[in-house]
Amino acid sequence: GDDAVSSPPFAAFGGEWSLWVYPRGYERPDRLSIFLHGKKSNRAATVVYHLGLLRPEGHPVVSRRSGGASFGEPDKCSSPTASLTWGVRAMVDLHEVHEPAHQFLHDGCLTVYALIESVEPEEVGVVDGGEDATTLEMPA
């Protein structure tokens, strides 16, 4: 099914986040899916992040890096692609997860991680000109 396992919330870059893992895949039933979810209270921002799986000794086995995803509530952001949740629908084939040679499982558990590399908040109150517009002179 499409049932997610959610991590406890964690704080990073002034926001609150959680990981959603779909052990049987999300829209891809043959793949493990992992998503980074931002709380509605987070500021709208472009976020560069990594999602992946760790080996027992803590080294990444598989990881994916976003090029910059627009996190935020779609109706409250300037980006037409804004979403509270971004991730990877096909992190790894599910049959590979259980193969000992791949070292995905340790003590029957899978360790997933998120690394938030940068958060660039969306501009607030951008003025597009007109009578009330103010121009700031910036020194060269």
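1. In this predicted model, the largest cavity is lined by Trp 17, Gly 38, Lys 39, Asn 42, Arg 43, Phe 71, Gly 72 and Leu 84. Its volume is about 40 Å³, and the structure holds one cavity of 30 Å³ or more.

2. The largest pocket has a volume of about 190 Å³. Its lining comprises Val 5, Val 21, Pro 23, Leu 32, Leu 94, Val 97, His 98, Leu 105, Leu 110 and Val 112. At least two of the lining residues come from helix H1 (94-97), and at least two from strand S10 (109-121).

3. By class, nine residues of the pocket lining are nonpolar and one is polar, with no charged residue present. Among the lining residues is His 98, a residue type that falls in the polar class under the scheme used.

4. The largest nonpolar core contains 23 residues, and those with the most contacts inside it are Trp 17, Ile 34, Leu 36, Val 47 and Leu 51. At least two core residues are supplied by each of strands S3 (15-22), S4 (31-38), S5 (45-54), S7 (69-71), S8 (85-93) and S10, and by helix H1. The greatest contribution is that of S5, with five residues. In soluble globular proteins, nonpolar side chains tend to be buried together.

Note on methods
Residues are numbered from 1 along each chain as its sequence is written. This is a predicted model: local features need pLDDT of at least 70, side-chain atom pairs count only at pLDDT 80 or more; totals for chains, interfaces and linings use all residues. Side-chain values use heavy atoms; hydrogens and water are left out. On a 1 Å grid over the protein atoms alone, a cavity is a set of points where a 1.4 Å probe fits but cannot get out, and a pocket is an open set with protein on both sides within 12 Å along at least five of seven lines; lining residues have an atom within 4 Å of a point. Grid points are joined across faces, edges and corners, and a volume is the space filled by probe spheres set on the points. Helices (H or I, at least four residues) and strands (E, at least two) are DSSP runs, numbered from the N terminus. A nonpolar core is a set of buried Ala, Val, Leu, Ile, Met, Phe, Trp, Tyr and Cys residues joined through side-chain atoms within 4.5 Å. Buried means under 20% relative accessible area, exposed over 50%, partly exposed in between (1.4 Å probe, protein chains only).
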